[in-house]
Each structure stands twice: as C-alpha cells, then as structure tokens.
Amino acid sequence: MYYSDQLGIEPSATEELHWTLEVSDLGNQKWHYGAQKPSAVEKHLLQTGRPVASGNPSLDDAIEKAAAYFASVQHESGTWPNMYKGPMFVTIGYVASAKFTGTPIPDHVTTELVRYLVNTAHPVDGGWGLHETDKSTCFGTTINYVILRLLGLGADHPTCVKARKTLLAMGGATGNPHWGKIWLSVLNLYKWEGVNPAPSELFALPYWLPVHPMKWWVHTRAIYAPVSYLYNCKAQCKLDPVLKQIRDEIYTRPFAEINFAACRNKVCGIDLYYPHTKVLDAVNWMMVQYDRYRPRWLAKWANDIAYGLVLKELENTDDLSIAPVNGAFNSIVVYIEEGRSKRFERVAERLKEELFLSPLGMTMMGTNGSQVWDSSFAVQCFHVAQVHNHEAVAAAHDRAVDFLLRSQLDTECVPGSYRDKRRGAWPFSTKDQGYTVSDCSAEAMKAVLMARPADAELIQRLHNTIDVLLSLQNVDWSSRLMSYYGSFSTYEKIKATPLMELLNPAEVFGNIMVEYPYVECTDSSILGLVYFRKHSSYRAADVERAISRALCYIEEAQNPDGSWYGCWGICYTYSGMFALEAFSETGHSYANSDTVRRGCDFLVRRQLPDGGWGESMKSCETHTYVSTKESNLVQTSWALIGLLLAEYPDLTVIERGIRLLLQRQASDGSWAIEGVEGVFNHSCAIEYPNYRFIFPIKALGLYRRRLRQGGRVWR
Ligand SMILES: CC(C)=CCC[C@@H](C)[C@H]1CC[C@@]2(C)C3=C(CC[C@]12C)[C@@]1(C)CC[C@H](O)C(C)(C)[C@@H]1CC3
C-alpha cells in the first residue's frame with residue numbers, strides 16, 4: 001500500500017493499466033491515458049505485485065528464464081522502456097513552464113504527478129532532497145512543495161503541512177541554491193536581484209577566450225543559454241492568487257520584508273555540496289555591478305545571441321533539447337519570443353516525452369530515456385550468455401539490433417552550433433536527442449558487431465563511428481600537462497581547463513563546468529575500438545595507438561588501493577567492472593597483470609558475508625568506498641563480471657556471488673528493483689531499472705562459460 005493510498009489520493013484510474021505507452025520506431029516514448037488492453041510492457045512497468053522467489057534454479061534454467069523474461073518485456077521498437085528516475089529537480093521544469101505559458105496540465109497527469117511526490121516525501125520529515133533517496137534539502141523541499149501547490153494540492157493537505165514545516169525549519173526558501181532561486185524567480189516567487197548573475201553577454205565573448213561558455217560541458221551550456229536569456233530580461237510569471245499564497249508559505253518572513261539582494265549567496269548548509277570559491281564570489285560581484293549599469297539595448301543584443309543558440313539546440317534535437325532541464329527553460333524562452341507559435345507548441349509537446357509513469361505515480365525523468373544505452377547492453381548480454389539465437393530471445397535480439405542501426409546519427413548539426421562532427425556516432429537515448437556520447441557510441445558499435453560480425457556494409461558504416469570516437473580522445477598538450485592524456489570524456493573532448501570549476505555556480509553539483517576524463521568512458525571506448533579492430537583494418541595504426549594510450553590512462557587513474565572511482569554508476573564497483581573488462585579484452589588477466597590483480601583484490605576485500613556486494617551512494621559523495629549492509633543484485637553482478645573477466649583464480653569467491661543472483665531470481669525469471677544504481681555529478685543518484693536484467697544475465701553467462709572451459713558443471 002502506497003502512502004498516497006493511505007491519504008486517499010487515488011491513482012488516475014482505479015486500474016493503473018488504463019495508461020498506454022506509445023513508443024516510436026526511434027524509441028521516443030509518450031504515455032497516453034485511455035482504456036486499452038495493456039501490453040506485456042505496460043504490465044511489467046506498472047504491475048505492483050511481485051511473484052515469489054523461486055528457491056534454487058539450475059544455472060542453465062536461470063539464464064534461460066531471465067533472458068526470456070527480459071525479451072518478453074521489450075517493446076516492438078526494439079527498446080526496453082523504463083523509468084529513468086531519481087533526480088527530484090526536473091519536474092519543476094514541466095510544471096513551471098506550464099504555469100508560465102498558461103498551458104493546461106491534464107487532470108490524469110496532475111493526479112499522477114501529485115501521487116509521485118506524495119509517495120517520495122521523506123517518511124520522517126516530509127521533505128524532498130536532490131534525488132529520491134537523499135536527505136531532505138532546501139532545494140528539493142522548496143521546488144517540490146511549489147509543484148504540489150501549483151498542481152492544486154491545498155496548503156492544509158497533510159503532505160504540504162509536513163513539508164512546509166521542514167522547509168521553514170531549514171530557514172525557508174531563501175536558502176535555495178542557484179537553480180532553485182532561478183525557478184522561483186521565473187515563477188515570481190523570488191526576486192531576480194537575489195540570484196547570482198548569469199548574463200547572456202557571456203555567449204557574446206570571442207570563442208578563443210578559455211572561459212567561453214560554448215567550451216563548457218554540453219549540459220551546463222545548454223542550460224545556461226536559456227537561463228541567461230531569462231536572467232537578462234528578468235522574466236517573471238504573472239502574479240496570481242495561488243502564487244501570492246505560496247509567497248506567504250515558503251518564507252520565514254513576509255515576502256515584502258525580505259531583502260532578496262542580501263540572499264544572493266545564502267545557501268542552506270544541508271544543500272551545499274560545492275561551496276563558492278572566492279574567485280566566483282569576486283566574478284559575481286563584478287557581474288552584479290555590470291548588470292546594474294549596463295544599457296538595456298546591450299542586454300537585449302546579448303539575448304538575441306542566446307536565443308540564436310536556443311534555436312540551434314532545438315533544430316539539432318528536433319525540438320527536444322538535450323535533456324528536460326534545458327528543455328523546460330527553452331520552452332519558456334520560445335514562448336517569450338514567439339508566444340504560442342507552432343515551434344512553441346512543438347517544444348511543449350516534446351517536453352511531455354520526458355514524463356514517465358510507475359506504480360508510485362508520474363515524474364519527469366533525467367533524460368528522455370536510456371534507449372540506445374540499454375539496447376546495446378541487452379544485445380551484448382544475450383551474446384555473452386549465448387542465448388541470442390534461442391527461440392524466446394532471437395526476435396527481441398534482432399529488433400534491438402535494428403533499433404541500434406536506425407539510431408546511429410547520420411546528419412551533422414546546423415552550422416554555428418559549436419557542435420563537433422557527429423555522423424556515425426550514437427547518443428545515450430534517442431536519435432532525435434542527437435548528442436554523441438563516447439561510451440554510448442562504443443558500446444553500440446560493440447553490440448552491432450557482435451550481432452553482425454561479417455557484414456561488410458555495416459563495417460563501412462562504422463568507419464564514421466571510428467572517426468568520431470578517435471576525435472574524442474584527449475590527446476593534446478594540455479591533457480599531458482593535466483595528466484589525462486589518452487582518456488575519453490562524455491560528449492566531447494575536453495575543450496576548456498578544469499580550472500573553470502572554480503566558477504561552478506551550482507552549489508549542489510560537482511564537476512559540471514567542463515568535460516573531465518572518465519575511467520568508464522575510456523574503458524568502453526577501448527572495448528569499442530578493440531571489437532572494431534577484430535573486424536577491420538580501417539585506420540589500424542590510429543586505432544592501435546588510441547587503445548594503448550587509453551590503457552595507459554586507466555593504469556594511471558587506478559588508486560593505490562587498486563580501485564577506480566566511478567562517476568556514472570555507484571561507484572568503485574561499477575568502475576572496477578569496466579576497467580577489468582578493458583584490460584581483459586586487451587590480454588591482461590589476474591595471472592599476468594599487477595594492475596588487474598590489485599583491481600580484483602580490491603573488489604574481493606569488499607565481498608559481504610552473504611556473498612554479494614553492496615555499495616552506497618556515499619562512496620560517490622565522499623570518494624571512499626562505503627559499503628551498504630545489504631548486498632545489491634546489480635552491484636554483485638558488476639563485481640562478478642569484473643572478477644570473471646579478469647580470470648580471478650578462486651572460484652569459490654565467485655560462486656558465492658552467483659548463488660546470490662540465483663536466490664534472488666523470481667519464478668518468472670525476473671529480478672525486483674533493489675535500489676538505485678547510477679549517479680551523476682558526484683551528488684545525484686539515478687535509477688537504471690534495466691540493469692537488473694542486463695548485468696545478472698551477463699554475469700551468469702560469463703560464469704557458465706568459465707565452468708565449461710574448466711570442464712566443470714554447476715552443482
Ligand atoms: C546537473 C545537470 C546538468 C542535470 C541534468 C541531468 C543530466 C546532466 C544527467 C542525467 C543523466 C546523465 C547522468 C547521463 C550522462 C550525462 C549526464 C546526464 C545526462 C551520461 C551520458 C554520461 C556518460 C556516462 O557513461 C553515461 C552514458 C552512463 C551517462 C548516461 C546518463
């Protein structure tokens with residue numbers, strides 16, 4: 001029973017299966033309301049009852065059943081739709097955009113959005129954090145409280161009463177970090193003079209300057225372009241009775257008495273992950289003076305430049321935007337410029353693709369999905385487990401491969417977008433989103449090569465992938481200087497110095513200003529290149545050199561205790577798996593490599609008494625391995641995959657982990673969601689529900705292979 005049920009908030013249909021999920025050929029997803037016969041996919045996503053655990057299946061049975069179950073919940077588009085949730089600061093974008101632009105939110109959506117927030121409120125204090133499993137913070141509590149009130153929940157509703165009490169105890173909404181203050185200002189619940197400056201003039205600076213925003217990390221610049229526009233015109237929603245009431249509810253003092261300018265640098269201590277540097281404070285102070293005295297025409301001129309960049313982003317993403325945060329800001333900016341134009345309607349419509357439904361209710365996801373990433377790993381795990389051509393799996397396997405082939409980027413961005421060549425690469429979610437990611441490209445390439453190893457036309461298509469991938473490696477002089485030579489970053493190679501982090505204004509996230517070297521991205525890139533090398537001699541010398549440089553980087557990035565810090569999954573377990581796979585594919589194993597040996601020993605030392613592994617989100621925040629009490633299915637699989645690929649000699653260690661995977665499997669072959677697996681920017685956790693199939697299947701498959709090689713059988 002959900003908390004929302006206890007409070008009498010009924011799901012938008014007494015049967016939640018009244019909802020249907022529409023998915024296009026390119027993986028774009030949208031939930032619709034209306035009674036239709038639910039498919040296996042909707043049942044899988046919305047069912048609440050779980051089958052009981054099945055005891056001890058045989059290894060073959062477990063693999064067979066798991067793969068068959070996973071195949072059965074694939075959508076016919078070749079994707080595995082799933083709720084990519086966790087961050088608690090995204091839905092505000094959808095609700096604020098609707099409020100600002102006067103776009104109605106349908107009742108059934110409203111109900112489900114409310115239900116999700118009611119169900120995720122902190123059980124003790126009733127607030128919300130940066131992500132779903134976080135402690136309550138000022139940011140999370142303020143914006144989600146505002147959402148509930150805008151969606152029509154009364155101030156006297158128990159959920160609001162409890163959250164408000166917590167918010168006021170934290171000092172009220174003036175303690176919000178930068179982004180919270182921006183959303184509040186857009187909603188006319190705060191004053192722009194209390195927001196640290198983000199002038200659009202930054203985008204008008206000459207590109208050769210090392211601080212030019214178009215050299216920042218793609219997400220940060222994609223968000224700051226529309227934000228700077230809103231800042232320069234001090235955009236504000238029309239004040240109405242509800243907003244007036246909220247103004248009276250979220251502060252510890254009457255709105256009219258608050259000195260907003262004095263709150264510019266005030267951030268609630270609970271929220272603070274990345275405090276301002278002195279450099280940022282000084283720059284902010286200067287920009288405040290600038291903002292005060294600059295002529296109106298200059299602000300407008302700079303805004304035209306920022307708007308031009310927003311339009312290019314929309315063109316390059318078919319009106320979707322890189323992710324919902326900038327998508328929501330973009331929709332407001334387009335509305336200010338064009339009113340309810342055709343473009344605005346389409347941007348607002350596409351924003352809805354980021355909403356997803358679960359038994360808890362509906363929320364806005366971190367991106368429009370994880371389609372390409374998941375389908376790549378799914379294809380790979382079917383091959384590793386040698387079930388890709390089994391009757392229950394073959395069709396799903398082929399559909400996933402076709403989806404990947406359809407999703408390869410085949411156009412360039414419009415000129416003047418400050419984007420690199422992308423033809424041949426793959427994105428994380430969908431082709432429409434259209435942003436190259438290094439590891440997504442490499443893993444997708446690996447998957448299609450596993451499926452169609454002898455396809456000459458495919459190899460030809462992959463030449464472009466190789467060109468993009470090679471262009472992404474960090475190999476210029478500054479990378480030598482900063483010792484990330486040979487590494488790969490996420491979307492682009494590093495274009496501006498990491499010293500830019502001194503100007504990180506976000507307060508709640510680390511490492512967002514520029515690209516960084518990432519061990520996982522480097523590992524996956526190696527894997528992609530190694531697979532390609534097996535099938536083609538295209539740019540052989542370059543590929544060879546890229547692989548060896550990347551390996552050197554990973555060796556250097558290893559910590560003295562043998563671990564690698566993971567940035568996109570929790571945490572050392574995730575990264576350890578990727579690193580060990582990269583070494584294994586290049587001929588290094590426990591027997592012949594000291595690096596591998598230390599990597600394995602680190603993992604083995606963390607095995608829990610029940611044979612599994614469990615790592616806490618605190619590892620990411622504190623950069624030290626923090627174990628959970630309970631072991632976790634996905635992390636256990638990661639550790640096992642690493643050890644198996646490294647040919648860790650002691651099979652009993654591995655066998656204990658394998659038993660745990662089998663014990664947790666339900667009688668229908670599935671596994672339950674156990675906890676959050678992913679992370680970003682060191683502080684925000686995000687769920688990857690498909691990992692609970694992909695990685696256990698891969699681990700079991702590798703284990704079976706190992707037993708067969710040794711001529712042994714599972715007892
Ligand atoms: C702080 C900001 C800007 C918030 C918006 C959220 C996005 C930045 C997040 C949500 C999902 C996210 C973590 C993601 C990634 C980057 C940052 C994203 C897009 C990437 C693509 C980086 C490379 C990684 O190896 C991997 C492919 C796993 C992830 C996938 C999700």
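The model is predicted, so local features need pLDDT of at least 70 and side-chain atom pairs count only at pLDDT 80 or more, while totals for chains, interfaces and linings use all residues. Residues are numbered from 1 along each chain as its sequence is written, and side-chain values use heavy atoms, with hydrogens and water left out.

User: How many salt bridges does the count come to?

Analyst: Side chains of opposite charge can pair when their charged atoms come close. A salt bridge here is a side-chain nitrogen of Lys or Arg within 4 Å of a carboxyl oxygen of Asp or Glu. By this rule the count comes to 38.

User: Which residue forms a salt bridge with D240, and how far apart in sequence are the parts that the pair ties together?

Analyst: The partner of D240 is K99, with the closest N and O atoms 2.6 Å apart. Because D240 lies in the loop between α9 (218–232) and α10 (241–249) and K99 in helix α4 (residues 91–101), the pair ties together parts separated in sequence by 141 residues. Helices (H or I, at least four residues) are DSSP runs, numbered from the N terminus.

User: Is E492, which forms a salt bridge with R221, buried or exposed?

Analyst: The closest N and O atoms of E492 and R221 are 2.9 Å apart. E492 lies in the loop between α19 (477–481) and α20 (519–535) and R221 in helix α9, so the pair ties together parts that are 271 residues apart in sequence. Buried means under 20% relative accessible area, exposed over 50% and partly exposed in between (1.4 Å probe, protein chains only). With a relative accessibility of 4%, E492 counts as buried.

User: What share of the ligand's exposed area does the protein bury?

Analyst: Of the 20 residues around the ligand, Y84, H219, F428, D439 and F680 come nearest, where near means that a heavy atom of the residue lies within 4 Å. A polar side-chain atom of D439 lies 2.3 Å from an oxygen atom of the ligand. Taken alone, the ligand exposes 630 Å² (Shrake-Rupley method, 1.4 Å probe), and of that area the protein buries 99%.

User: Which residue of the nonpolar surface patch made with L499 and L502 lies in helix α11?

Analyst: Patches take residues with over 30% relative accessible area and no salt bridge, joining like charges within 9 Å and nonpolar side chains (Val, Leu, Ile, Met, Phe, Trp, Tyr) within 5 Å. This patch covers about 260 Å². The residue in helix α11 (residues 278–293) is V279.

Key: Helices (H or I, at least four residues) and strands (E, at least two) are DSSP runs, numbered from the N terminus. A polar contact is a pair of N or O atoms within 3.5 Å; within protein, one must be able to donate a hydrogen and the other to accept it, and residues adjacent in sequence count only if both atoms are side-chain atoms.
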